[in-house]
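Have a look at the sequence and the model, then work through each solution step by step.

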Amino acid sequence: MEKSIIYVLSDSVGETAELVTKAALSQFMDENEYDLYRIPYVENKEVLRGAVYHAKQLGAMIGFTLVNPELRGFLVQEAQEKQVECVDIMGPLLNAMERKFHKQPKQEPGLIHRLDEDYFKKVEAIEFAVRYDDGRDPRGVSQADIVLIGVSRTSKTPLSQYLAHKQLKVANVPIVPEVEPPETLFHIPPHKCIGLKISPEKLNGIRKERLKSLGLSDQAIYANMERIHTELDYFEKIITKLGCPVVDVSNKAVEETANIILNMMNQPYWDMEGHH
């Protein structure tokens, strides 16, 4: 069963939003039935736009605590336009208190928390993963700690998010035969790039399920075996040209693949031949 996905956005640490969201979720499902991604220290509209984009792609919902009224208004409008379920966790309470106390809120995020360096690193990595997801901005390739490459449906986005929670800046680039990969990909050290390999049969199954979940026919070219072989052959060519390590994700959970990547990164100059 596919897990429900919830994004929690905050212009502070986001603990309050996460606790309230988890309390509400517990009325509907167990913890292993959903994935909750917290994106703290939101300071600009780009991050909000990226979060709404991802929520739309993944069929996720958003809960948020933003004390900045401009960011709040922007997120609500963006979510409405994209038809993404979006809940303001603190807004109604702030509005009620404003009426009751006849005072304006201070509009300073994080008044109940001291900022801590680890959180900054983590949030920076999460923002990075959102901004440079799916090859939307090739500039991320040269700035990333690690670049994931693979054909569509090889878990690039969830892997990027998972590794971001480990404070790694991850960019990911989709490999499509009709689109040349960004030139920067061929100028970074090969060990910074990791190819996500998958068997044609496994990919076919995943894509058919994806099409069904979108209400589309599983006969579409996206899930056609000939097309899949074309994409995977092109992927192999790119990998050979890059000379980078490869992880087979065919039968692995995201956490398993992430741990393999983390172990590889702990050996700065690993023997790449051993990972092909």
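**Exercise 1: the cores**

Find the largest nonpolar core and the residues with the most contacts inside it.

Step 1. The largest nonpolar core has 38 residues, and Val147, Leu148, Ile149, Leu163, Leu185, Ile194 and Ile261 have the most contacts inside it. A nonpolar core is a set of buried Ala, Val, Leu, Ile, Met, Phe, Trp, Tyr and Cys residues joined through side-chain atoms within 4.5 Å; buried means under 20% relative accessible area, with a 1.4 Å probe and protein chains only.

Step 2. Among the elements that each supply at least two residues of this core are β5 (146-150), α7 and β6 (170-174). Helices (H or I, at least four residues) and strands (E, at least two) are DSSP runs, numbered from the N terminus. The most comes from α9, with 7 residues.

Step 3. A second, separate core has 25 residues, including Ile5 and Phe74.

This is a predicted model, where local features need pLDDT of at least 70 and side-chain atom pairs count only at pLDDT 80 or more, while totals for chains, interfaces and linings use all residues. Residues are numbered from 1 along each chain as its sequence is written, and side-chain values use heavy atoms, leaving out hydrogens and water.

Methods:
Buried < 20%, exposed > 50% of the residue type's maximum accessible area, 1.4 Å probe, protein only.
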